[in-house]
Amino acid sequence: MKIALIGVGKIALDQHVPAIAGSEDWELAATCSRHGSVPGVPAFTDLDTMLAAHPDIETVSLCMPPVPRFDFAAKAIAAGRNVMLEKPPGASLAECHALEAMARAAGVSLFATWHSRAADKVQGAKAWLQDKSITRAHVTWRESVRKWHPGQDWVFEPGGMGVFDPGINGLSILTEILPAPVHLRSATLAYPENRQTPIAARLSFTGNTSAEFDWREEDRDVWDIEVDTPDGTLALRDGGARMEIDGADHDDGQPALGEYPRLYVQMADLVRAGAIDMDLSPLVHVADAHMLGRRETVEPFDF
Ligand code: NAP
């Protein structure tokens with residue numbers, strides 16, 4: 001199946017291009033980006049022109065930041081194309097609901113991807129927790145914004161989500177693996193005094209569940225989730241790439257495919273089935289954190 005990448009920047013080049021190149025399902029048939037391109041692939045700078053020139057491309061994968069993404073998605077759906085959305089699937093819940101309604105009306109597939117959910121050990125963790133009672137769960141997501149978003153000022157602009165851009169990855173795993181849903185009770189959001197979005201956050205949920213996100217961690221990435229049960233403690237580490245039970249590595253026998261190759265397998269399955277996968281539960285927690293969060297002002301941040 002032919003696919004086009006729209007918004008060719010950091011994540012498109014780091015992950016989407018190699019995942020498509022290694023896929024048996026997909027052929028990268030075009031790109032559409034104002035500046036970016038992929039060597040050897042027809043490049044467009046305008047979506048209308050690309051859609052008109054390539055009726056053979058039935059699926060587009062949108063890799064630009066969340067704020068501009070809605071208009072591209074709406075246009076592609078209106079043109080009868082299947083749409084794959086980078087995370088977070090939109091800048092607001094309402095626009096995500098609108099896209100889903102448009103996709104249903106047009107009869108096309110729509111996929112709100114959550115790449116961390118596609119990490120190798122997430123389904124194993126979900127299966128292990130399925131019949132357990134949860135006594136405590138904690139998400140720790142600490143990384144350097146300078147390393148992962150070098151010079152990307154959009155992350156600190158309204159709709160850029162600040163530290164929730166990575167934190168939502170932890171929430172996407174949490175919402176996948178817990179056997180019963182939790183909801184937010186309170187939050188503290190730390191805003192640099194010169195920025196519009198938080199650089200750190202602490203969240204408290206029902207079910208003795210909590211999360212801490214910090215973008216000021218310069219030494220190492222910490223992407224961990226720990227879940228206590230009467231039968232032992234499960235830990236997902238390295239963003240879901242490793243799983244431990246009571247501190248010992250646990251091999252659930254799942255093949256190590258990697259996040260983005262797995263997302264493109266899932267998109268191929270959705271397209272073949274004519275189905276929609278638009279789970280917004282991680283974004284609901286982020287929206288609630290902004291509604292319930294207490295604001296703290298911290299020192300200015302510059303790249
Ligand atoms: P990016 O490199 O800043 O942006 C990707 C591309 O989108 C840009 O190169 C630009 O291409 C296009 N773009 C930017 N602003 C636009 C606008 N206003 N209108 C139209 N096109 C625009 O961002 P990224 O790091 O790839 O992140 C993109 C998405 O992927 C985000 O939602 C992010 O959460 C997600 N993601 C990022 C990472 C990461 O490590 N960075 C990891 C996983 C997921 P042109 O200038 O060529 O049009």
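How many residue pairs are in polar contact across the interface of domain 1 and domain 2? In this predicted model, the rule finds 1 such residue pair, with both residues at pLDDT 80 or more. On the side of domain 1 that touches domain 2, the residues divide into 6 nonpolar, 1 polar and 2 charged.

The domain assignment places residues 2-112 in domain 1, and residues 120-253 + 286-298 in domain 2. The C-alpha centres of these domains are 27 Å apart. Where they meet, 9 residues of domain 1 are in contact with 12 residues of domain 2, and about 740 Å² is buried between them, 69% of it on carbon and sulfur atoms. Lys10, Lys87 and Pro88 lose the most area on the side of domain 1, together 56% of what that side buries. The count between the two domains is 1 salt bridge. Lys87 also forms a salt bridge with Asp165, with the closest N and O atoms 3.4 Å apart.

Side chains of opposite charge can pair when their charged atoms come close. The count for the model comes to 29 salt bridges. One of them joins Glu176 to Arg117 at 3.6 Å. Glu176 belongs to helix 7 and Arg117 to the loop between strand 6 and helix 5, so the pair ties together parts that are 59 residues apart in sequence. Both Glu176 and Arg117 are buried.

Another salt bridge links Arg237 and Asp224, whose closest N and O atoms are 3.0 Å apart. Because Arg237 lies in strand 12 and Asp224 in strand 11, this pair ties together parts 13 residues apart in sequence. Arg237 and Asp224 are both buried, and both belong to a network of salt bridges that includes Arg136 and Glu226.

Definitions and conventions
Residues numbered from 1 in each chain as written. Predicted model: local features only at pLDDT ≥ 70, side-chain atom pairs only at ≥ 80, totals over all residues. Heavy atoms only, no water. Domains from an automatic or database assignment. Contact = heavy atoms within 4.5 Å. Buried area = accessible area lost by both parts, 1.4 Å probe. Salt bridge = Lys/Arg side-chain N within 4 Å of Asp/Glu carboxyl O. Polar contact = N/O pair within 3.5 Å; in protein donor to acceptor, adjacent residues only side chain to side chain. Nonpolar A, V, L, I, M, F, W, Y, C, P; charged D, E, K, R; others polar. Helix = DSSP H or I, 4+ residues; strand = E, 2+ residues; numbered from the N terminus. Buried < 20%, exposed > 50% of the residue type's maximum accessible area, 1.4 Å probe, protein only.
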